[in-house]
4 protein chains.
Amino acid sequence: MRVAQERAGTLAPMDWFNQYESSVRSYIRSFPAVFTRAQGSQMWDMNGRTYIDFFSGAGALNYGHNNPRMKEKLIQYIQQDGIIHSLDMGTIAKAQFLEKLQEVIVKPRHLAYKVMFPGPTGTNAVESALKLARKATGRTTVVAFTNAFHGMTLGSLAVTGNRFKRNGAGVPLSNVVTVPYDNYLGSGFDSAEYLEQMLEDGGSGMSLPAAVIVETVQGEGGIHVARAQWLRRIEALCRQWEMALIVDDVQVGCGRAGTFFSFEEAGLSPDIVCLSKSISGFGLPMAINLIKSELDVFEPGEHNGTFRGHNAAFVTASEALEYWRTDALARDVQAKGAMIQKRLQGMAKRFSAMGAQVRGRGFIWGLALEPKSLAGAVSGEAFKRGLVLETSGPDSEVLKLLPALTIDKETLEQGLAILEDSLEAVARPI
Amino acid sequence: MRVAQERAGTLAPMDWFNQYESSVRSYIRSFPAVFTRAQGSQMWDMNGRTYIDFFSGAGALNYGHNNPRMKEKLIQYIQQDGIIHSLDMGTIAKAQFLEKLQEVIVKPRHLAYKVMFPGPTGTNAVESALKLARKATGRTTVVAFTNAFHGMTLGSLAVTGNRFKRNGAGVPLSNVVTVPYDNYLGSGFDSAEYLEQMLEDGGSGMSLPAAVIVETVQGEGGIHVARAQWLRRIEALCRQWEMALIVDDVQVGCGRAGTFFSFEEAGLSPDIVCLSKSISGFGLPMAINLIKSELDVFEPGEHNGTFRGHNAAFVTASEALEYWRTDALARDVQAKGAMIQKRLQGMAKRFSAMGAQVRGRGFIWGLALEPKSLAGAVSGEAFKRGLVLETSGPDSEVLKLLPALTIDKETLEQGLAILEDSLEAVARPI
Amino acid sequence: MRVAQERAGTLAPMDWFNQYESSVRSYIRSFPAVFTRAQGSQMWDMNGRTYIDFFSGAGALNYGHNNPRMKEKLIQYIQQDGIIHSLDMGTIAKAQFLEKLQEVIVKPRHLAYKVMFPGPTGTNAVESALKLARKATGRTTVVAFTNAFHGMTLGSLAVTGNRFKRNGAGVPLSNVVTVPYDNYLGSGFDSAEYLEQMLEDGGSGMSLPAAVIVETVQGEGGIHVARAQWLRRIEALCRQWEMALIVDDVQVGCGRAGTFFSFEEAGLSPDIVCLSKSISGFGLPMAINLIKSELDVFEPGEHNGTFRGHNAAFVTASEALEYWRTDALARDVQAKGAMIQKRLQGMAKRFSAMGAQVRGRGFIWGLALEPKSLAGAVSGEAFKRGLVLETSGPDSEVLKLLPALTIDKETLEQGLAILEDSLEAVARPI
Amino acid sequence: MRVAQERAGTLAPMDWFNQYESSVRSYIRSFPAVFTRAQGSQMWDMNGRTYIDFFSGAGALNYGHNNPRMKEKLIQYIQQDGIIHSLDMGTIAKAQFLEKLQEVIVKPRHLAYKVMFPGPTGTNAVESALKLARKATGRTTVVAFTNAFHGMTLGSLAVTGNRFKRNGAGVPLSNVVTVPYDNYLGSGFDSAEYLEQMLEDGGSGMSLPAAVIVETVQGEGGIHVARAQWLRRIEALCRQWEMALIVDDVQVGCGRAGTFFSFEEAGLSPDIVCLSKSISGFGLPMAINLIKSELDVFEPGEHNGTFRGHNAAFVTASEALEYWRTDALARDVQAKGAMIQKRLQGMAKRFSAMGAQVRGRGFIWGLALEPKSLAGAVSGEAFKRGLVLETSGPDSEVLKLLPALTIDKETLEQGLAILEDSLEAVARPI
């Protein structure tokens with residue numbers, strides 16, 4: 001980047017953010033750098049420093065930064081004047097994506113889905129999933145779970161658990177009943193049973209719901225993993241009470257949980273699957289909903305939006321699906337995931353004074369610390385040492401590890417070593 | 001595109017849409033083709049047919065398809081492994097966009113705005129604008145206008161007038177009072193006066209609103225142009241009653257109305273300006289809100305979202321702003337706009353039996369026809385003749401002309417000639 | 001009243017209110033007295049002062065205080081141990097009321113209504129009317145009018161125009177669209193036409209409504225009288241768009257408008273009529289809804305409430321209906337009403353400097369004054385002179401005359417004379 | 001009652017209900033008779049049959065029908081032309097009620113409350129309590145409990161658990177979070193602990209609530225008795241999180257639970273207490289809220305309503321309070337209550353095949369049966385045998401015993417014997 005030449009102003013780049021970007025900006029506060037370039041699991045800032053990326057764009061970069069195969073296809077597409085923006089007109093890039101998705105993902109898993117393009121980001125997918133479920137059932141209530149995260153627009157925010165973010169709405173959020181997520185009240189309480197009682201009891205205060213929306217692993221909420229049997233019980237309730245089962249796989253889909261869909265282990269067959277983040281493979285804005293034909297109830301144009309047809313993303317998305325023609329990536333992810341888990345458990349033992357607790361599955365791992373402020377401190381130390389590592393949970397009390405699925409073992413080890421150093425630095429302040 | 005080689009399936013591309021895309025797909029029904037390539041104001045489909053584009057991605061391609069200058073910068077950026085996805089971390093591409101926006105757009109117009117990145121599409125911008133206004137004022141009601149279009153997520157849909165789309169919500173939409181847009185009830189009725197009375201009268205049924213959200217020209221609603229004095233009166237009411245003035249410039253900003261912001265002619269100073277569609281210049285998903293510092297009331301992270309940091313779009317957006325260093329484009333657009341108007345008025349006269357009525361401003365023009373189904377028929381004839389031309393309005397009764405601002409006169413003339421032929425074809429069926 | 005003997009405390013009665021009644025108390029502030037006894041149109045306070053009552057319990061005492069015929073029946077009923085409270089069990093008092101209502105009121109007017117007992121006060125009637133209309137149509141929106149008053153519970157408050165009272169809800173009020181009442185925007189604007197356009201225009205922002213709820217004369221809103229042709233046009237829109245027409249006759253029914261129902265002059269046939277206030281005739285809490293059989297869609301017990309079966313009120317209500325066996329009362333009311341109107345017009349002329357404006361119909365009259373605070377001052381002067389006279393309107397800017405229908409001419413003249421004196425006192429302060 | 005003479009029509013009284021009363025009528029279906037007269041715990045129908053009343057107007061007749069002392073005062077008051085209806089003007093009857101309430105009830109219990117007159121029935125009290133709590137805290141959410149019953153107007157219905165009744169609203173009910181009532185999920189689960197976690201956890205999906213509304217015994221919900229320690233824990237959470245504690249004592253207040261307030265045993269100090277039903281003592285419509293001065297935040301007239309000043313009810317209410325000058329009634333009720341409990345437990349043992357389960361406290365008792373339809377059958381048998389006995393619970397699966405507090409032991413025994421016979425009749429069908 002020819003930074004110096006292109007900038008005539010007198011402000012340093014960081015000043016532009018401080019002076020001209022809204023106070024809502026957030027990650028730049030945790031990671032105070034101006035990045036210029038990235039490749040795979042490495043990033044560089046304008047001062048030439050190198051970072052290992054354990055954040056992966058909050059799960060939008062499962063295949064690493066500037067994945068060479070996708071990059072090549074993308075440049076080629078742009079050079080050939082391919083259609084960049086098409087709304088929902090037909091393009092060859094879109095047809096190819098639809099085809100490859102069916103062939104590589106949907107059909108081999110014995111599923112049957114149509115594809116809806118709801119807009120370019122996760123919250124668009126969630127909003128249209130909720131609209132479809134409500135329209136199809138004629139019901140208004142949706143069941144969501146404690147510590148769920150589904151988005152920031154009014155409909156998605158209503159199914160999001162975070163009080164701080166909910167308050168940002170400025171209006172009461174409605175038509176949602178929040179139920180404890182698996183294990184929310186400890187192992188002695190089965191919240192699926194509680195949901196069942198609420199459905200069966202005509203005095204529970206809950207109207208029959210249109211849908212249940214669930215993440216199989218709660219990422220933003222603090223890395224909570226639902227048990228497969230709990231998920232299956234939720235699905236069974238959906239069948240019994242004719243509620244749509246919506247799986248929000250925006251963050252833990254696209255291989256993050258160790259399989260393409262996060263619900264494969266549990267063997268679910270959701271009515272709607274929301275995908276975004278890594279679906280384009282390259283970090284380009286894109287989101288889709290997979291919907292069963294019974295839920296395909298919108299009239300033409302009943303939901304629309306400008307950036308539903310982002311063909312540059314379809315091109316990289318088609319290339320990304322090549323990773324799933326065999327189970328090689330899945331097996332590799334699971335092997336490396338086991339390694340992460342083992343290393344984290346070692347750290348948890350070593351830093352048991354910090355109440356460290358390991359949670360996760362596949363390639364999404366959390367290390368919860370106490371007191372809650374420790375996680376932020378460790379993240380800060382890690383950044384100083386060249387590791388980009390997010391926190392999550394309602395009080396940002398959990399270190400969240402989301403390395404690229406394609407990370408090589410050496411870089412992964414390096415990152416984990418920095419994490420351990422950072423824990424040590426926080427554990428033993430001078 | 002090496003279509004044949006890449007596709008192994010037995011379905012034709014159009015079949016993939018018919019069988020695997022949700023029934024909500026819409027434009028592909030009006031424009032039944034599979035497009036492969038586009039340049040400037042021309043598009044090609046997989047059968048090699050050429051089309052003139054008067055649709056411009058519903059206003060997302062104001063600078064034409066694959067604008068060469070932006071294309072070059074974009075390819076260069078990708079080749080150099082520039083950061084593609086950054087959430088709201090700092091990147092050099094983002095800093096440069098912030099800088100250029102201030103220097104080329106905001107400061108020369110004597111405005112003072114911070115920039116919020118609300119997510120990649122228009123509805124994200126509208127939702128966060130509404131959230132900000134409600135949070136800043138502590139009020140919940142928002143005033144919107146008849147035939148407004150602001151988006152499809154619950155908060156934006158609530159301020160959208162279209163009944164068909166509203167019903168898609170599946171829940172009642174609330175916290176909004178709809179007021180007649182300028183001229184909605186004819187020239188004898190001043191709806192700003194009506195709004196004033198509703199504000200002043202403690203018995204009007206309206207709580208004091210947090211904000212008024214307005215398009216200066218209603219695109220989706222059927223090309224309705226508000227008078228400058230009406231807009232100024234709305235702004236004055238906002239000042240008097242301490243309501244935020246939100247101008248949704250998603251469609252008619254970025255030069256579409258003949259100046260960069262659509263409200264320059266009226267001399268407004270909105271509290272929040274929503275921009276999307278053509279802000280990236282290249283059809284890439286991007287949206288921003290310009291907000292006055294009094295409205296910059298979100299805490300860090302109170303609104304978030306994955307694709308707020310789409311740096312590929314920042315690169316093309318910075319290049320697009322180059323068009324506004326001088327007033328050459330604005331003058332050219334106004335001149336060509338006057339030409340469109342004149343030609344349309346000629347057609348309206350010639351086809352007065354179809355009740356043709358010309359409406360518009362700058363480079364957004366509508367031709368309303370009666371009976372209402374005629375517009376769809378003309379659009380269909382135009383497509384057969386190689387012109388992509390949308391309809392709008394609650395009953396799709398208005399032909400909507402949105403050529404690229406950069407269209408050359410010859411192509412523009414050609415497109416207008418096709419339109420006239422198509423009107424004739426519909427007027428005199430064999 | 002043996003006040004002195006019965007009270008052992010040291011506080012004066014007025015102190016009990018000041019110290020122990022909620023600050024929400026209101027009329028006691030306008031009429032600072034402790035009343036002990038009342039008969040016909042006269043009231044006495046504990047100091048032995050006599051007052052003429054032009055307030056009539058806000059329209060709940062159309063037949064005067066302690067109407068002798070009803071009083072006799074009531075005492076007899078209680079002495080015989082008649083059922084006082086019956087929920088919706090069958091009682092002879094209730095059967096007799098149902099019978100007499102059909103024979104004296106419903107059938108002679110060629111109407112066909114079932115009776116629902118929704119609870120003992122007006123807001124119960126309005127709430128259940130709204131519930132019925134929404135259930136019967138499957139729609140949620142209700143059209144209400146500016147300056148309407150329908151009650152203080154959440155559903156009724158949502159259709160009430162008063163901003164001050166709406167804010168008391170503490171939550172946003174929803175599912176209602178407020179439309180200008182007849183003449184709200186001056187005689188040049190027909191709000192029925194506006195409503196028609198909102199219904200016909202698919203872009204008006206209004207979902208198809210379940211119902212229109214209307215008062216034919218707005219009492220609390222400041223004595224606004226709708227024209228018969230406007231009411232008929234509203235009714236026609238209800239038929240065309242299959243909305244329920246709900247007439248809230250709580251205040252202006254039971255003869256207040258000069259006929260038993262206020263809509264007789266306009267010849268309406270509402271789908272639901274809400275009655276309360278004077279339906280019991282004696283000031284006892286009672287409310288009913290008259291509903292067409294198509295709207296009789298509640299399942300048994302779907303709406304309930306303890307005091308639906310207040311039989312003491314049924315006894316006096318049956319007696320009150322005797323007044324309507326002939327048209328004698330109606331004719332007398334109309335004659336006296338014309339007299340009031342003439343006298344008020346005289347005062348308006350004399351006190352034109354106070355911007356006095358006469359509005360009303362039948363036996364509900366308003367004198368609007370300017371500046372708005374004058375009405376309260378006149379009411380205060382009147383009270384000092386022995387006349388109980390309410391104000392109404394969003395800013396309490398209208399003197400509201402609601403004498404008992406049974407008032408004798410002499411007392412009526414006396415009251416009007418006091419009103420004129422009071423106007424004079426306010427007009428020419430020493 | 002001179003029934004025959006007074007009725008000229010050809011329909012039998014029961015036909016009037018069948019033909020002219022709304023289908024929502026309910027108790028008349030369970031108790032198909034036309035009652036004429038009642039005294040104490042006995043009722044007579046028009047065929048001269050006598051019934052024992054274990055229903056007591058759903059708790060509105062705690063002192064029996066036509067209580068002689070109140071009857072005498074009431075007749076005397078009417079004969080003297082006492083004010084019947086006063087809105088919130090001052091009357092001597094109201095002053096006396098306020099005084100006696102403070103002296104006999106509030107002060108001796110070391111409480112400090114102002115009195116609000118919200119309208120004549122329970123739902124008015126609940127609605128205004130919710131409004132006050134929301135206004136005072138600036139929050140919107142209210143915590144309610146499973147199987148709660150608080151009324152049928154929109155605000156009260158939103159805090160009511162019954163799905164069937166909620167659906168009658170025709171609109172989604174919002175701003176409420178329903179939490180399991182004590183013991184709802186069995187004795188192993190403490191729902192107060194769950195509420196605590198929801199309050200503490202910023203990711204629970206619950207905004208900080210304005211209030212918790214609770215019945216100490218759920219009557220309509222199926223006779224569920226909350227433990228004193230659970231209630232105290234709920235109160236402690238209200239203090240900690242600055243939520244208003246609203247006790248809805250409409251049904252179980254006024255002595256029904258064995259003390260005047262139902263929460264005396266638990267030693268609560270609610271912020272608002274809703275009273276209605278038996279507060280007038282005579283079955284006359286009346287409701288009040290007792291509010292702490294911190295909650296007395298309404299402006300004058302911010303909540304109003306016609307029948308807030310039902311003085312006939314104040315007269316009997318004052319007389320009813322005489323019962324509480326000593327603890328004689330309370331002791332008697334507790335003694336008789338113990339007797340009921342013992343007899344019911346005997347029946348439960350005898351009819352254990354019907355899954356009979358005894359629940360209750362003070363003078364409100366339930367006998368839950370299985371299958372759920374049995375309770376209705378037993379109630380029907382009891383009515384045939386001359387006992388009026390309601391069912392409650394979401395599926396009407398619980399026999400509900402609410403005898404008058406003043407019932408003599410002999411009549412009580414007689415009623416219990418009929419109940420046992422009826423159980424036997426249902427248990428052993430011929």
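Predicted model: local features only at pLDDT ≥ 70, side-chain atom pairs only at ≥ 80, totals over all residues.
The size of an interface is often given as the accessible area lost when the parts come together. For chain B and chain A the buried area is about 10300 Å², and carbon and sulfur atoms give 61% of it. Charged side chains also meet across this boundary, where the rule finds four salt bridges. A:Glu21 and B:Lys94 meet in a salt bridge, with a distance of 3.0 Å from N to O.

The side chains of B:Lys100 and B:Glu322 meet in a salt bridge, 2.4 Å from N to O. B:Lys100 is in helix H6 of chain B, while B:Glu322 is in the loop between helix H12 (311-321) and helix H13 (328-350) of chain B. The two residues are 222 residues apart, and the pair links distant parts of the chain. Over all chains, the count comes to 112 salt bridges.

Chain A has another partner, chain D. In this interface, 30 residues of chain D are in contact with 30 residues of chain A. Chain D and chain A bury about 2500 Å² between them, with 46% of it on carbon and sulfur atoms. In chain D, the residues that lose the most area to chain A are D:Arg163, D:Tyr184 and D:Tyr194, which together account for 26% of what that side buries. How many salt bridges does the rule find across the interface of chain D and chain A? The count is zero. Polar contacts are found there, however, in 21 residue pairs with both residues at pLDDT 80 or more. Two elements of chain D give two or more residues to the side that touches chain A: helix H9 (163-167) and helix H10 (191-200). H10(D) supplies the largest share, four residues. By class, this side of chain D has eleven nonpolar, 16 polar and three charged residues.

Contacts can also be followed within a single chain. Chain A is divided into domain 1, made of 2-60 + 327-427, and domain 2, which covers 69-324. The C-alpha centres of these two domains of chain A lie 25 Å apart. Between them, 29 residues of domain 1 are in contact with 26 residues of domain 2. The buried area is about 2100 Å², of which carbon and sulfur atoms give 52%. A:Ala60, A:Arg361 and A:Ile364 supply 30% of the area that domain 1 buries against domain 2, more than any other three residues. The count between the two domains of chain A is two salt bridges. A:Glu220 forms a salt bridge with A:Lys400, and the closest N and O atoms are 2.6 Å apart. Among the elements giving two or more residues to the domain 1 side are helix H13 (328-350) and strand S18 (398-401) of chain A. By class, that side has 15 nonpolar, ten polar and four charged residues.

A search of the whole structure finds 76 aromatic pairs over all chains. In chain C, C:Phe260 and C:Trp324 form an edge-to-face pair, 5.4 Å centre to centre, with 80 degrees between the planes. C:Phe260 lies in the loop between strand S11 (244-248) and strand S12 (272-275) of chain C, and C:Trp324 in the loop between helix H12 (311-321) and helix H13 (328-350), so the pair ties together parts that are 64 residues apart in sequence.

Some details concern the backbone. A cis peptide bond joins A:Glu370 and A:Pro371, with omega about -5 degrees. A:Pro371 is found in the loop between S15 and helix H14 (374-384) of chain A. In chain D, a cis peptide bond joins D:Glu370 and D:Pro371, with omega about 0 degrees. A:Ile223 is not a glycine, yet its phi is positive, at about 60 degrees. A:Ile223 is placed in the loop between strand S9 (217-218) and strand S10 (224-225) of chain A.

Conventions. Residues numbered from 1 in each chain as written. Chains lettered and ligands numbered in written order. Heavy atoms only, no water. Contact = heavy atoms within 4.5 Å. Buried area = accessible area lost by both parts, 1.4 Å probe. Polar contact = N/O pair within 3.5 Å; in protein donor to acceptor, adjacent residues only side chain to side chain. Nonpolar A, V, L, I, M, F, W, Y, C, P; charged D, E, K, R; others polar. Domains from an automatic or database assignment. Phe/Tyr/Trp six-rings, centres within 6.5 Å; stacked < 30°, edge-to-face > 60°.
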